[in-house]
Amino acid sequence: MPHLQRRELIQGSVALAAIAALHASRAYAFPTRPGEEVVKWLDQLPPNPVPQVIKNQLVWEELDSWVTPNEKFFSIAHFNRPVIEESRWKLEIGGLVKKPMALTLADIKARPREEVTFTIECSGNTGLPFFNGGIGNARWAGTPLAPILKEAGVLDSGIEVVFWGADEGEIKRADEVTFKQNFARSMSLADAMDPKNILCYEMNGTSLPPDNGFPLRLIAPGWYGIANAKWLKRIDVRDQRFESRFMGRDYVTVREEDHSGETVWAETSVGRARLKSAPARVTHIGNDYRIVGAAWGAPVDRVEVKIDDGPWMPATIDDADKAEFAWKMWSLDWPKPSAGEHTVTSRAIDTTGNIQPAMSDPWIAKKHTYWESNGQVTRRIQVS
């Protein structure tokens, strides 16, 4: 089977042809054993009360590949799910630019193509009782954003870039003002000019599915899902920080901070992803059990697993498939566990020594919204 030393950004038609052939010829490695059986977690999710908002959650026990197939990839719609005709669609680039632009999908596809493998997670994943599958890993392809902004010519006064989606809904403020608004998120100009950001039109080798942003979305590797705006229709450059429902009201994390014995409150808009891991499934062949999981959100150095109240044990990271912004799969052999109910907890450690916090850690315990819920995940299992 061919082997590729993965680069995160792949350019050019020759590289594209080679990588397409490679993806077609290989199966992505995953830490599985022939003949193993999956043991269902005891703590199954309650029914999803908002299926029109959250679709296609990852079922952790069914995780069996490094890349998440399109038909199994989660999607979230904050307003409607727009149906867009490619022939009538254009992306507008405007605001504080010297040369406003309107690009068709063909215009965008004619530009240099890049690909990035990136695990997207909703920042609220595992923060609601019915929600722990808001994550997936895919190969995203498109054209870099930065050259388009450079071509448009950002004016010196421009400091913020706003990404507007075609999805829209009604907003009602506390002061009873009601108005229609499209989904919008923003980044600083410096963040938007990151060469890794792409205007994405392809997911796992095919056109973006309608639920995942067709015809075009932003892919910002290393950021939570909310920043990766779907169904793009317009990009604006502005001279002041942008505030909207999804920047200044929703997707804002509130934390307690101690300043010389005084408790103060800090509100921050959700942005870059944080270090996290989770047990995915437990399998067994006879009395030999294995725990498999994933870690993501930062450069992962290692993963440790704790069973019940035992010591932290090092897991084995599967390096067969790896990419800078993709999750890492890990496993821990668990030979001949005692019969009965057990708990399984994992924690990831990044390359600088930061440890994924416990739920009792002040970083988590003093948080008063569910956004950015990267605390350690504990699952319950029954061994026969």
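User: What does UniProt place at residues 284-360?

Analyst: The UniProt record, an unreviewed entry, places "domain: Moybdenum cofactor oxidoreductase dimerisation" at residues 284-360; such annotations may be inferred rather than shown by experiment. The structure here is a predicted model, in which local features need pLDDT of at least 70, side-chain atom pairs count only at pLDDT 80 or more, and totals for chains, interfaces and linings use all residues. Residues are numbered from 1 along each chain as its sequence is written, and side-chain values use heavy atoms, with hydrogens and water left out.

User: What makes up the chain over residues 284-360, helix or strand?

Analyst: Residues 284-360 are 0% helix and 56% strand, where helices are DSSP runs of H or I of at least four residues and strands are runs of E of at least two, numbered from the N terminus. The end C-alpha atoms of residues 284-360 are 31 Å apart.

User: Which feature does UniProt place at residues 78-244, and what is the chain there?

Analyst: The unreviewed entry gives "domain: Oxidoreductase molybdopterin-binding" for residues 78-244. Over residues 78-244 the chain is 10% helix and 41% strand, with its end C-alpha atoms 13 Å apart.

User: Why is the chain called as compact as a globular protein of that length?

Analyst: The chain has 6 helices and 23 strands. Its radius of gyration (taken over C-alpha atoms) is 22 Å. Along the principal axes, the C-alpha atoms fill a box of roughly 70 × 60 × 40 Å.

User: How do you know that the side chains of Arg81 and Asp211 are joined by a polar contact?

Analyst: Their separation is 3.2 Å. A polar contact is a pair of N or O atoms within 3.5 Å, one able to donate a hydrogen and the other to accept it, and residues adjacent in sequence count only if both atoms are side-chain atoms; the Arg81–Asp211 pair therefore qualifies. The Arg81 side chain also reaches the backbone oxygen of Val53 at 3.1 Å.

User: Where does Arg81 lie, and with which residues is Arg81 in contact?

Analyst: Arg81 lies in the loop between β3 (75-76) and β4 (91-95). Apart from neighbours within four places in sequence, the contacts of Arg81 (heavy atoms within 4.5 Å) include Gln52, Ile54, Lys55, Ser75, Ile76 and Trp231.

Terms used:
Rg over C-alpha atoms; globule rule 2.2 N^0.38 Å.
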